[in-house]
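Look over the structure, then read on.

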Amino acid sequence: MINLAGRDILHSWSKFVLTGLGLGLLIGVTFTMAGVYRGMVDDAKVLLNNSGADLWVVQKDTLGPYAESSSIPDDIYRSILGMSGVAQAANVSYLTMQVRKGDTDVRAMVVGFEPGQPGEPSYLVAGRRITRSHYEAVADVKTGFAVGDRIRIRRHEYTVVGLTQRMVSSGGDPMVFIPLKDAQEAQFLKDNDAIINQRARTGANPALNRPGVPGLLDAINASQNSNRNVNAVLVRVAEGHSPEAVAQDIRRWKHLQAFIRAQMENILIAKLIATAARQIAMFLVILTIVSAAIVAFIIYTMTLGKIREIAVLKLIGTHNRTIAAMILQQSLGLGLIGFAIGRIAATIWGPFFPRYVLLEPGDAVRGFVIVMVVCTLASTLAIRAALKVDPATAIGG
Amino acid sequence: MKKESGIHIEGLSKRYGEGATAVDALKEVNMSVAPGEVVGLIGPSGSGKTTLLKCLGAVIEPTQGRMTLGGEVIYDNGWRISDLRVLRRDRIGFIFQAPYLIPFLDVTDNVALLPMLAGRPNGEARARALELLQALDVAHRASAETSELSGGEQQRVSIARALANRPPVILADEPTAPLDSERALAVVRILNQMASQYHTAIIVVTHDEKIIPTFKRIYHIRDGRTYEEAGEGRALQ
């Protein structure tokens, strides 16, 4: 028996290919949206993996340092280091800001870290690690910076000495790593006028400028112009110790919040990107409905264009199921073309997106099943119309 | 038995609607076409031609009467055949006013489709199609797209399709309407040839003044009733 659907597709292949192209681009957008969500989740996991930490110690009652602001004294890490089960503990600071290079600026998350400790970029793709105490930086490739570039963070210039990759914040901003002291300064550095005004205001306060206490005003001014805080302490747990047990001890004795890896992953994925995920899910639902409507409309229009042929086919004894199968196969064929074009399109344009787009094979399989189901449902309208065709209409005009 | 083969109808009536709005489209129509015979069915618009053709084609059910097709009673105040689709596929050939070929099938497959629908193997169906296309002198266009054919060629292919399952009856609904005189007469000549070659009873519904003189027998239909008369049976060159 002849495959009627296949013959019709071959006969009007240009119509099918062009329609499939349009549908494919729509499916490609759908895949990309799903890929953006997967990329956000993967970025979060990579961020946690590359930090090299087992615990994140932050200000009590906060979900810092990525989801909420957290500020803790920078000497806390010493007491944490002395606790049982702690192998390494290091301060880190995070600050999202505009990093300037010449006349342009790049939105980046500036990370302050201590070389050789948790929090430093785990690998480089070019250049070297930071070896000096000040004014050197390692940047994520997505910043567009190159080794040797001079970048400005607040009032100071830094030389990019190395490049890393897949180090982005939960907001998608690429990271720039600088020494911790520089980062602390950058977070709280004021301009000269602000410092002069602050000193005048402090000097005018009789409680802080008492004649009988020499050196008090100088000490207060010095403390106001330095920052002794960091956003988090990253802890690496010693072998044989449970991160949860160490976290419990920190929470109990240090009055700080300590998150283990699973909790931090939950904060990043379930809380921080939850709104974005819902946004993307809404887009996916709308795109799926639009795709279904387009397939239904196209197949229905194509079927209406063949009403006379369908009447003749029915009159000469073609089974209703043969006609229904023809329409269903055409709908599925259109879906197949659309799926293939969509998958190829998403693979081609994915790397050009500013955020990481992760196209997972599992999503492709799920997408394929959804496309086939949508095409099957979309064809029902056309099948209904075809089955209603009276073979008698072929006779007598 | 000979009388009953071909197509034979007695007292066939068809009423649309009920009560005061009922319309009697056919009123006790009698008609008989022997195997190998081509008869004309002529009548003005609204006379009941199309209704009769639809009843004969088993696409609408008559109200009462009796129809015998190829020696078998198919209707006797009710269908006597359970599957009308199979009846249409295997035992009735249709030729339409326009060829209505399936545009996405080539010429051969347009003809071979019917035997394939009847369960014949593809090879056998295509061989039969080629044989018919040869008989109708369009075998040279066997692998052409239907849109590449002239009007006359398309109509010959539609005749081949109607003959593909060797049905005892062919119903032709104004088959020469879109053709010029020469081509119209050629189609009638072919129908006559095929009727005698395949022993098929052919009913040709027509308005076409050019071809009416070629029928040996004509049924006039007026107000739902048929009147038989002898035709001129003019020889076809």
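## Two helices in chain B

This is a predicted model. In chain B, helix α5 (residues 151-163) packs against helix α6 (residues 181-198). The angle is about 20°, and the axes are 11 Å apart. That angle makes α5(B) roughly parallel to α6(B), because angles under 35 degrees count as roughly parallel. Their crossing is right-handed.

Which residues make the contact? From α5(B) come B:G152, B:Q155, B:R156, B:I159 and B:L163. From α6(B) come B:R183, B:V187, B:I190, B:L191, B:M194 and B:Y198. Sorted by class, the contact of α5(B) with α6(B) has seven nonpolar, two polar and two charged residues.

## Two helices in chain A

Two packed helices are described by the angle between their axes and the distance between the axes. α2(A) passes α8(A) in a right-handed crossing.

On the α2(A) side, the contact uses A:V41, A:A44, A:K45, A:L47, A:L48 and A:N49. They meet A:R261, A:M264, A:E265, A:L268 and A:I269 in α8(A). By class, the contact of α2(A) with α8(A) has seven nonpolar, one polar and three charged residues.

## Where the chains meet

The size of an interface is often given as the accessible area lost when the parts come together. Chain A and chain B bury about 2,400 Å² between them. Of this area, 70% is on carbon and sulfur atoms. The contact takes 23 residues from chain A and 25 residues from chain B.

Three residues of chain A stand out: A:M1, A:I316 and A:I395. They supply 26% of the area that chain A buries against chain B, more than any other three residues.

## Charged pairs

Side chains of opposite charge can pair when their charged atoms come close. How many salt bridges are there over all chains? A search of the whole structure finds 30. Across the interface of chain A and chain B, the rule finds one salt bridge. A:R7 forms a salt bridge with B:D109, and their closest N and O atoms are 2.7 Å apart.

Another salt bridge lies within chain A, between A:D363 and A:R366. The closest N and O atoms of this pair are 3.0 Å apart. A:D363 and A:R366 are three residues apart in helix α12 (residues 361-388) of chain A, so about one helical turn separates them.

Key
Residues numbered from 1 in each chain as written. Chains lettered and ligands numbered in written order. Predicted model: local features only at pLDDT ≥ 70, side-chain atom pairs only at ≥ 80, totals over all residues. Heavy atoms only, no water. Axes fitted to C-alpha atoms, helices over the stretch in contact; angles between N-to-C directions. Helix = DSSP H or I, 4+ residues; strand = E, 2+ residues; numbered from the N terminus. Parallel < 35°, antiparallel > 145°, perpendicular 65-115°, else oblique. Left-handed = near helix turned anticlockwise from the far one by under 90°. Contact = heavy atoms within 4.5 Å. Nonpolar A, V, L, I, M, F, W, Y, C, P; charged D, E, K, R; others polar. Buried area = accessible area lost by both parts, 1.4 Å probe. Salt bridge = Lys/Arg side-chain N within 4 Å of Asp/Glu carboxyl O.
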